[in-house]
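Here are my notes on this model, written for someone new to reading structures. Keep the sequence and the 3D view open while you go through the points.

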Amino acid sequence: MLCRMHARSAKALLSLLALAAVIWTGQAGAAVGDIHAIDGVWITSPRDNGSYVTVRIAPCSDDPIKRCGTVIDTHNGARADIVGDPILRDMAFEGEGRWGGGEIIRPGRGTRYRSYLQLTEKGLEVKGCVAGGLFCGGTLWTRQ
């Protein structure tokens, strides 16, 4: 009787460990491989003067497969009149935690740059490029 209980306990433990592994790997995969992984509220890196903005990323209104970002708040001296301005437009999911094919827009000025996003453990790497992608600059946004 004791051996049967031991065997049942061992099977139950193995089943529990297998279930935990499936759940853990499923969640890890969703963070990188899911089109919705960047949806939500992000805080931009502070500029040299300490100002930064809060951005909401969501499906674009004209194409819900792509992602757009809007400034929803300003901090530490960032211009309040840019709230509501678009900052990301038409970002297409490319897989492996990457989005591209869209633009990053400088709020308040409307200057547009080709943009690429990469979701990492540290946050969302946001790059803007000029000259056909020859020169790119980037920053790290953190999830709020």
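How many helices and strands are there in the protein?

1. **Overall make-up.** The protein has one helix and eight strands. Helices (H or I, at least four residues) and strands (E, at least two) are DSSP runs, numbered from the N terminus. Along the sequence the order is α-β-β-β-β-β-β-β-β.

2. **What kind of model this is.** This is a predicted model: local features need pLDDT of at least 70, side-chain atom pairs count only at pLDDT 80 or more, and totals for chains, interfaces and linings use all residues. Residues are numbered from 1 along each chain as its sequence is written, and side-chain values use heavy atoms, with hydrogens and water left out.

3. The accessible surface of the protein is about 9,200 Å². Carbon and sulfur atoms hold 58% of that surface. These areas come from the Shrake-Rupley method with a 1.4 Å probe; for residues, only the protein chains shown count as cover. Of the 144 residues, 27% count as buried. Buried means under 20% relative accessible area, exposed over 50%, and partly exposed in between (1.4 Å probe, protein chains only).

4. **Contacts along the chain.** Contact means heavy atoms within 4.5 Å. Take the contacts between residues at least 6 apart in sequence: 33% of them join residues at least 24 apart.

5. **Strands β4 and β5.** Strand β4 covers residues 86–95, and strand β5 covers residues 98–105. They pair in the antiparallel sense over five bridges. Two strands pair if DSSP finds at least two bridges between them. Arg89 stands opposite Glu103 in β5. The two strands form a hairpin with two residues between them. Glu96 in that turn has a positive phi of about 55 degrees.

6. **Strands β5 and β6.** β5 also pairs with β6, in the antiparallel sense, over six bridges. Look for Trp99, which stands opposite Leu117 in β6. This hairpin has six residues between its strands. Gly108 in the turn has a positive phi of about 85 degrees.

7. **Strands β6 and β7.** Six bridges join β6 (residues 112–119) to β7 (residues 124–130), and the two run antiparallel. Tyr116 has Lys127 in β7 as its bridge partner. Four residues lie between the strands of this hairpin. Gly123 in the turn has a positive phi of about 155 degrees.

8. **Strands β7 and β8.** β7 is joined to β8 by seven bridges, again in an antiparallel arrangement. Gly128 is paired with Gly137 in β8. The hairpin has four residues between its strands, and Ala131 in the turn has a positive phi of about 55 degrees.

9. **Disulfides.** How many disulfides does a search of the whole structure find? It finds two. A disulfide is a covalent bond between the sulfur atoms of two cysteines. The cut-off used here is a pair of cysteine sulfur atoms within 2.5 Å. With bonded cysteines counted along the chain, the pattern is 1-2, 3-4.

10. **Cys60 and Cys68.** These two form a disulfide, with their sulfur atoms 2.0 Å apart. The torsion about the S-S bond of Cys60 and Cys68 is about 100 degrees, so this disulfide is right-handed. Cys60 is buried, at 3% relative accessible area. Cys68 is buried too, at 18%.

11. **Cys129 and Cys136.** Here the S to S distance is 2.0 Å. The torsion about the S-S bond of Cys129 and Cys136 is about 105 degrees, so this disulfide is also right-handed. Is each end buried or exposed? Cys129 is buried, with a relative accessible area of 4%. Cys136 is partly exposed, at 45%.

12. **A nonpolar patch.** Val130, Leu134 and Phe135 make a nonpolar surface patch of about 330 Å². Patches are made of residues with over 30% relative accessible area and no salt bridge: like charges are joined within 9 Å, nonpolar side chains (Val, Leu, Ile, Met, Phe, Trp, Tyr) within 5 Å. A salt bridge is a side-chain nitrogen of Lys or Arg within 4 Å of a carboxyl oxygen of Asp or Glu. Phe135 lies in strand β8 (residues 135–143). Phe135 is exposed, with a relative accessible area of 56%.

13. **Thr74.** Thr74 lies in strand β3 (residues 67–75). Thr74 is buried, at 15% relative accessible area. Leaving aside neighbours within four places in sequence, Thr74 is in contact with several residues, including Tyr52, Val53 and Ile82.
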